[in-house]
Number of protein chains: 2
Amino acid sequence: MTRASAQDWVDDLLAGDRRTLARLITRVENRTPDSHAALARLYPHTGRAYLVGITGAPGTGKSTVVNALTRTLREREQTVGIIAVDPTSPFSGGAVLGDRIRMVDLAGDRGVFIRSMANRGSLGGLAATTGDVARVLDAAGFDVILIETVGAGQSEVDIARTAYTTIVVDAPGMGDDVQAIKAGILEIADILVVNKADRPGAENTVRALRAMLELGHRLRTNLHHGELLARPASPDASIYDFWQVPILKTIATEGEGLGALADAIERHRAYLADSGLLVERQRAGIEAELAARLREALLDQLIRQRTPAALEELIERVLARQLDPGSAVRMLMDGSA
Amino acid sequence: MTRASAQDWVDDLLAGDRRTLARLITRVENRTPDSHAALARLYPHTGRAYLVGITGAPGTGKSTVVNALTRTLREREQTVGIIAVDPTSPFSGGAVLGDRIRMVDLAGDRGVFIRSMANRGSLGGLAATTGDVARVLDAAGFDVILIETVGAGQSEVDIARTAYTTIVVDAPGMGDDVQAIKAGILEIADILVVNKADRPGAENTVRALRAMLELGHRLRTNLHHGELLARPASPDASIYDFWQVPILKTIATEGEGLGALADAIERHRAYLADSGLLVERQRAGIEAELAARLREALLDQLIRQRTPAALEELIERVLARQLDPGSAVRMLMDGSA
């Protein structure tokens with residue numbers, strides 16, 4: 001892609017060309033140097049899509065929720081881009097199978113575009129790539145972008161920072177120490193869903209979640225702290241209490257409860273827009289993204305300024321316990337190594 | 001802590017003082033500036049402990065496996081340090097409860113030291129802190145250090161890089177899409193454990209894991225790629241095939257199968273030492289740690305070189321879609337912003 005052809009790509013993307021969309025996402029995922037020019041040119045055309053994060057422990061059926069929610073949004077005349085992120089598969093596998101299952105389910109609908117992403121390289125890299133893929137879908141005109149993440153961990157927190165509304169999916173009978181997971185993941189939830197609500201114990205799960213919410217596991221504030229700027233207090237701190245996290249029941253395999261879920265997303269969207277929190281979340285997301293990208297770029301720069309032999313010697317000295325890692329970092333920073 | 005008192009701390013630690021151990025770990029966790037001096041001074045006294053990572057999906061009972069394994073190692077006259085990392089709780093909670101449960105179980109044994117760590121700040125920070133806490137326990141003379149992580153994700157991969165032997169715990173009847181987790185996590189396993197082996201379906205779980213191993217979900221090689229040095233090929237690539245990942249059955253609540261697990265750890269340790277892979281893994285771990293620390297230090301340096309107003313203006317321009325994030329990063333890197 002030259003500069004001229006980057007513009008061609010963006011023109012084709014904005015015109016709704018499907019093949020360009022798929023190809024550009026692949027280039028963005030592979031971080032080809034020429035994809036940067038395309039991302040820079042399509043960026044002014046982003047900002048219209050609404051980004052929704054969906055996460056939850058394995059076994060809750062959240063992929064089925066994503067598919068059923070997509071059908072509901074389609075009935076409401078909204079186009080949907082789905083990014084299924086699987087950070088548990090650092091090298092290969094996982095994501096591809098899920099992709100095929102979805103394809104069968106939602107195939108042939110031009111108002112839906114699905115992309116599965118396995119983990120490439122560092123987690124910071126995955127969050128950055130997810131954000132860029134969302135921008136391509138945004139510029140391509142998709143109304144809602146669903147970002148689905150598997151598992152529970154820091155990756156969810158990072159990727160949830162990209163989304164405006166985060167849905168956490170739970171299900172009855174998820175075992176003993178899943179409770180530990182919930183404590184952490186509850187803190188990022190704007191909407192809670194108890195899926196498989198026809199199973200025994202669904203009411204218990206709802207009650208347990210409500211009790212945890214009341215216990216004060218609501219610290220979304222902290223999620224949007226600044227990574228570049230030390231802000232004294234985010235508006236989240238004072239305003240956030242006005243949003244009551246709803247707990248909704250769904251049976252995604254039967255398509256039950258998805259209308260209420262789509263409604264709750266709309267309500268949360270209106271709440272964020274009216275309170276000014278939407279812009280706050282976008283600002284915090286951009287700040288986190290810039291910080292993550294700078295970390296990688298600065299390390300690359302430092303490595304390029306050294307010879308491999310010099311770096312290798314330093315590593316060997318740390319390995320031989322002649323130099324501790326903290327001192328090695330300081331030597332690299334002040335130029336004495 | 002002045003330099004002199006940092007040496008006092010290290011002297012007391014090496015002499016086996018328990019209170020110094022607990023206090024120093026707290027300082028390392030909080031990353032107090034004076035803890036750096038202590039870490040530098042104790043570093044030459046590290047390298048004797050054997051680091052074992054234990055991970056697995058929620059509900060597999062891996063905390064019970066850690067406790068039962070600890071009792072077995074104690075019977076074999078080995079002292080055990082346990083670091084329980086809970087990256088699912090980014091702000092608070094989780095880890096503390098687990099800590100109390102363990103305390104009751106293993107209380108009063110001076111040959112055991114347990115520390116739970118919730119996620120503080122970035123994941124890179126958590127992996128670095130885990131490594132430093134392991135060093136304090138190493139210098140304090142613990143023979144084996146068990147690093148337990150909850151959930152499944154990039155955090156496990158990062159923390160597993162710290163360990164020499166990684167154990168992945170599974171259990172029968174973990175639900176449908178847990179399989180997706182397994183695909184990713186299997187790749188980091190040196191030893192597989194099917195816990196709750198008295199439950200229905202245990203043989204199916206063993207068979208499924210064996211089938212997945214045979215399908216070639218064994219790419220440990222990639223886990224130990226260089227982050228600072230582009231190495232053409234790791235020795236892992238050619239030698240690793242000689243280690244057959246064992247699948248062991250345990251009933252941790254009854255203490256069954258833990259002797260075989262302790263034996264397997266010993267066999268893997270001997271294998272790593274004889275093949276030269278132990279040094280390779282240590283080298284790759286140091287490299288990853290230096291890279292993670294440099295990322296943070298370099299970003300801090302860049303932020304200090306700017307005024308908050310300049311950074312804020314840049315963020316506002318990205319938010320207003322006047323500037324794309326990639327261009328913003330390049331401007332910060334070349335000094336034009």
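Biologist: Between which helices is Ala15(B) found?

Modeller: This is a predicted model, where local features need pLDDT of at least 70, side-chain atom pairs count only at pLDDT 80 or more, and totals for chains, interfaces and linings use all residues. Residues are numbered from 1 along each chain as its sequence is written, and chains are lettered from A and ligands numbered from 1 in the order in which they are written. Helices are DSSP runs of H or I with at least four residues, strands are runs of E with at least two, and both are numbered from the N terminus. Ala15(B) is in the loop of chain B between helix H1 (3–14) and H2.

Biologist: Does Ala15(B) count as buried or exposed?

Modeller: A residue is buried if 20 or more other C-beta atoms lie within 10 Å of its own, exposed if 12 or fewer, and partly exposed in between, with C-beta atoms placed from the backbone. Ala15(B) has 10 C-beta neighbours inside 10 Å, so the residue counts as exposed.

Biologist: What span is expected for helix H2 (residues 18–29) of chain B?

Modeller: The expected span is 1.5 Å times one less than the number of residues. H2(B) has 12 residues, and from its first C-alpha to its last it reaches 17 Å, close to the expected 16 Å.

Biologist: Why do the buried residues of H2(B) line one face of the helix?

Modeller: Buried in H2(B) are Thr20(B), Leu21(B), Leu24(B), Ile25(B) and Val28(B), whereas Arg18(B), Arg19(B) and Ala22(B), on the other side, are exposed. An α-helix has 3.6 residues a turn, so residues three or four places apart point the same way. The arc is taken over the directions from the helix axis to the C-beta atoms. The buried residues of H2(B) line one face because, seen down the axis, they fall within an arc of 130°.

Biologist: Which residue just after H2(A) takes a positive phi?

Modeller: Within H2(A), Thr20(A), Leu21(A), Leu24(A), Ile25(A) and Val28(A) are buried, while Arg19(A) and Ala22(A) are exposed on the other side. Just after H2(A), a positive phi of about 50° is taken by Arg31(A).

Biologist: Which residue in strand E7 of chain B is the bridge partner of Val193(B)?

Modeller: In strand E6 (residues 191–194) of chain B, Ile191(B) and Val193(B) point one way and Leu192(B) and Val194(B) the other, and all are buried. Two strands pair if DSSP finds at least two bridges between them, and E6(B) pairs in the parallel sense with E5 (residues 165–170) of chain B over 4 bridges. E6(B) also runs parallel to E7 (residues 247–249) of chain B, joined by 3 bridges. The partner of Val193(B) in E7(B) is Leu248(B).

Biologist: How many residues does the largest nonpolar core have?

Modeller: A nonpolar core is a set of buried Ala, Val, Leu, Ile, Met, Phe, Trp, Tyr and Cys residues joined through C-beta atoms within 7 Å. Val52(A), Ile145(A), Val52(B) and Ile145(B) have the most contacts inside the largest core; a contact means two C-beta atoms, placed from the backbone, within 7 Å. Not counting residues up to four places away in sequence, Val52(B) touches Ile145(B) and Ile167(B), among others. The number of residues in the largest core is 173.

Biologist: Which helix of chain A has the lowest confidence?

Modeller: pLDDT is the predictor's confidence in each residue, from 0 to 100, and chain A averages 82. Strand E7 (residues 247–249) of chain A is highest at 97, and the lowest mean, 43, belongs to helix H10 (residues 220–223) of chain A.
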